[in-house]
Structure formats: C-alpha cells, structure tokens
Amino acid sequence: MLAALTGLGLSTAAGLNAYIPLLVVGLIANFTDQLRLPQEFAWLSNGWVLGIIGVLLLAEIVLDKVPVVDSVNDMIQTVVRPVSGGVVFSATEAAARLDGSTWMSHNPWLSWVLGIGIALAVHVMKTTARPVVNASTAGVGAPVVSTVEDAGSLGISLVAIFLPVLVVVVVAVLALSAWWVVRKVRRRRRTLRRSPA
C-alpha cells in the first residue's frame, strides 16, 4: 500500500511539473538504496537520461515564469505531465513488486492509468488557475505561482518517496486548493458577466 501512496504522490507532483519527479526518482535510484527500479525502468537512472531531464527541467522552469508563454507551455505539457505521471507511478509500483508487494501486481497497466489520470487532473487544475492568476495580477503573479508549484512538486516528490504516509494529507490539501480555485474562478466569471460593458 505504501508503494501506491508513493506512486500517488509522484503522479501528483508530475501534474505540477513533469520533470521534477522524474529527476528525483532517477537520482534517488541512482545514488541511494531508498528506491530500486526494476530492469524495465532502469533507463530512468541513466546519466544521459538524467542530463536530458535536467535540461528539460531548466527550460520548463524558465518558460513557466513568463506570462502568456506559461499558458502555451501548459498546452504542450498536457501530454508530457500525464505521461510523466504514468512513468513515475509505474516505476515505483514496479519497484514495490520487486520488494514482494502484491498490490496491483496482477494488473500492471492499472498503475499507468492511475498515474496518467492523477497527473492529468492536477495539470488541469494548474492550467485552469494560471490564466486567472495572470489576469488578476497583470502577469506579476506568474513567476511567484510557478515557483510555488515547482517547490510543491519537489516537496511532494520527496514526501512520496521518504514519507509516503503523508501523501494522503498532501493530496487532501491539493484537493481543497482545487475546490477553492474552482469556486474563485466561477465567482469571477459570474462577476464579469454581471458587470456592465
């Protein structure tokens, strides 16, 4: 069950930033014994792969801080973030099977579906909130929110690997945040419709 929480946390982190959980998983698997990846996911800890992920992460960090560019980047990331979520969920679930866990071992495709779905849900929340932040702050809020998202992705990734029991709390906080954002967006739209032209 802890492996499922790890996968849940990493997929959630991938919805905020596709490359941070991939890099965290690859580095931890490469340099520690905390996370062992099975053969089919060994490529994730390869030095070249980690270097490429690092370059993509730097590009994502820069692009996501610029208003309007961040929205274009989010459109591109609509494919990348869910795939990343599927990879990290599957890699950690597969690693758990190596350790003798039987959870989802009979249906390995389910971890891909769960990872993709979780990352996509978080990504949709992010892409819904970002234009509202940009419009309401004249673009000034974009780098601040992006930095918080990146820090959140890193924090969630580390919690998912080292303290997976806390993932439930993190996901609950994100769910409440999503509910708050949706309410705020709806309220703002209603206000805009009522205001005179």
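I take a salt bridge to be a side-chain nitrogen of Lys or Arg within 4 Å of a carboxyl oxygen of Asp or Glu.

**Entry 1: ground rules.** I am reading a predicted model, where local features need pLDDT of at least 70 and side-chain atom pairs count only at pLDDT 80 or more, while totals for chains, interfaces and linings use all residues. Residues are numbered from 1 along each chain as its sequence is written, and side-chain values use heavy atoms, with hydrogens and water left out.

**Entry 2: overall build.** I looked up the elements and found seven helices and zero strands in the protein chain. Helices (H or I, at least four residues) and strands (E, at least two) are DSSP runs, numbered from the N terminus. I then checked burial: 44% of the 197 residues count as buried. Buried means under 20% relative accessible area, exposed over 50%, and partly exposed in between (1.4 Å probe, protein chains only).

**Entry 3: salt bridges.** I found eight salt bridges in the structure. Arg130 pairs with Asp70, and their closest N and O atoms are 2.8 Å apart. This pair links distant parts of the chain: Arg130 sits in helix 5 (residues 109–136) and Asp70 in helix 4, 60 residues apart. Arg130 and Asp70 are both buried. I also see Arg130 and Asp70 in a salt-bridge network with Asp64, Lys126 and Glu149.

**Entry 4: Arg81.** Which residues does Arg81 bridge to? One is Glu60, with the closest N and O atoms 2.8 Å apart. That pair joins helix 4 (residues 69–98), which holds Arg81, to helix 3 (residues 47–63), which holds Glu60, across 21 residues. The other is Asp74, at 2.9 Å between the closest N and O atoms. Arg81 has a relative accessible area of 0%, so it is buried. Asp74 is buried too, at 3%. Glu60 is likewise buried.

**Entry 5: helix 2.** I checked helix 2 (residues 19–31): its 13 residues reach 18 Å from first C-alpha to last, close to the 18 Å expected at 1.5 Å a residue. The expected span is 1.5 Å times one less than the number of residues. Helix 2 is largely enclosed by the rest of the structure, because 10 of its 13 residues are buried. Among them are Tyr19, Pro21, Val25 and Ile28.

**Entry 6: Arg187.** Is Arg187 buried or partly exposed? Arg187 is partly exposed, because its relative accessibility is 42%. I place Arg187 in helix 7 (residues 167–194).
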